[in-house]
Amino acid sequence: MAGRALIPFQLTATLLLALLATSHAGGIAIYWGQNTGEATLSATCASRKYQFVILAFVFQFGQGRAPKLDLSGHCDTSSGRCAVLSSDIRSCQRRGVKVLLSIGGGAGNYGLSSPADARLVAAYLWNSYLGGSSSSRPLGDAVLDGIDFDIELGSAKFWDNLAKDLKDMSKNAGTAVLLSAAPQCPFPDKWDGGAINTGLFDFVWVQFYNNPECQFSSGRSAFLAAWKKWESVPAGKIFLGLPASKDAAGTGFVPAGQLTSQVLPLIKGSSKYGGVMLWSKFYDDRTGYSSAIKSHV
């Protein structure tokens, strides 16, 4: 009887070990900066919920435009008051949180007109936010960890040049600059696709929301077909991008329980799996979505 009783236990243990062997632990990336009702940057990182915090957005740049950063009331960039965020950024980095700056967004005035224009924008980003130097650094003297490409409008040209120029500048300076992108889930992405194909991107957080044809609500098959296409891109890690509440996007919200029981088990076995990206900190503060999923990501 004792020997027979062990069989179910052994089977369960074997299945558990097999699951662990094919699952990859991930992290959570969160967008911050688009609503004053969200936690401060330092508090966001101190929560220890997030591996990446993405500051959003530099919404104007390129084609001769003066670059502009909008942090929606957190601070006034035009008066130089966003430099106070330097201490928050360094606090995040001391905690092991990578802080990136997102360029573009769903509303803005941006684009690139040529490879030369891309070099000018790369130089601006390098000197104003990364390892370079400038008399005008909107976020003060803190050095950000990288640049996020959230390109959602305008021309699809020359974003690959911008990625190459940023990586070249970091290589020449002997420092590491992370590159991430936030494409829409329909594959390939109209705007970020060419840049991602350079093979220079460390992280790709794919927006599986506001895109009914490939988000999970359209069915397991459609979702998995899109995910597998994104696994094929020459990038480091792929993140599942989701809204942190129903109010955060028009479509694509996945309840936390459904995410952990039905969605993540489908993709965590991938060697490319990196975790979950959430839009945004404001909504996450109201739902506690990251807290509900963190141990499963």
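Tutor: A disulfide is here a pair of cysteine sulfur atoms within 2.5 Å. Please bear in mind that the model is predicted.

Student: How many disulfides does a search of the whole structure find?

Tutor: Cys45 and Cys92 form one of them, and Cys75 and Cys82 form another. Cys185 and Cys214 are also paired, with sulfur atoms 2.0 Å apart. The search of the whole structure gives a total of 3.

Student: How many residues apart in sequence are the parts that Cys45 and Cys92 tie together?

Tutor: The sulfur atoms of Cys45 and Cys92 are 2.0 Å apart, and the two residues form a disulfide. Cys45 belongs to helix H2 (residues 41-46) and Cys92 to helix H3 (residues 85-94), so the link joins parts whose separation in sequence, in residues, is 47.

Student: Is Cys75 buried or exposed?

Tutor: Buried requires a relative accessible area under 20%. The relative accessibility of Cys75 is 15%, so Cys75 counts as buried.

Student: Which pattern do the disulfides of the chain follow, with bonded cysteines counted along the chain?

Tutor: The pairs are Cys45 with Cys92, Cys75 with Cys82, and Cys185 with Cys214. Counting the bonded cysteines along the chain gives the pattern 1-4, 2-3, 5-6.

Student: Leaving aside neighbours within four places in sequence, with which residues is Ser280 in contact?

Tutor: Ser280 sits in the loop between strand S10 (273-279) and helix H9 (281-287). Its relative accessible area is 5%, so Ser280 is buried. Beyond those sequence neighbours, the contacts of Ser280 are Ile30, Tyr31 and Ala244.

Notes: Residues numbered from 1 in each chain as written. Predicted model: local features only at pLDDT ≥ 70, side-chain atom pairs only at ≥ 80, totals over all residues. Heavy atoms only, no water. Helix = DSSP H or I, 4+ residues; strand = E, 2+ residues; numbered from the N terminus. Buried < 20%, exposed > 50% of the residue type's maximum accessible area, 1.4 Å probe, protein only. Contact = heavy atoms within 4.5 Å.
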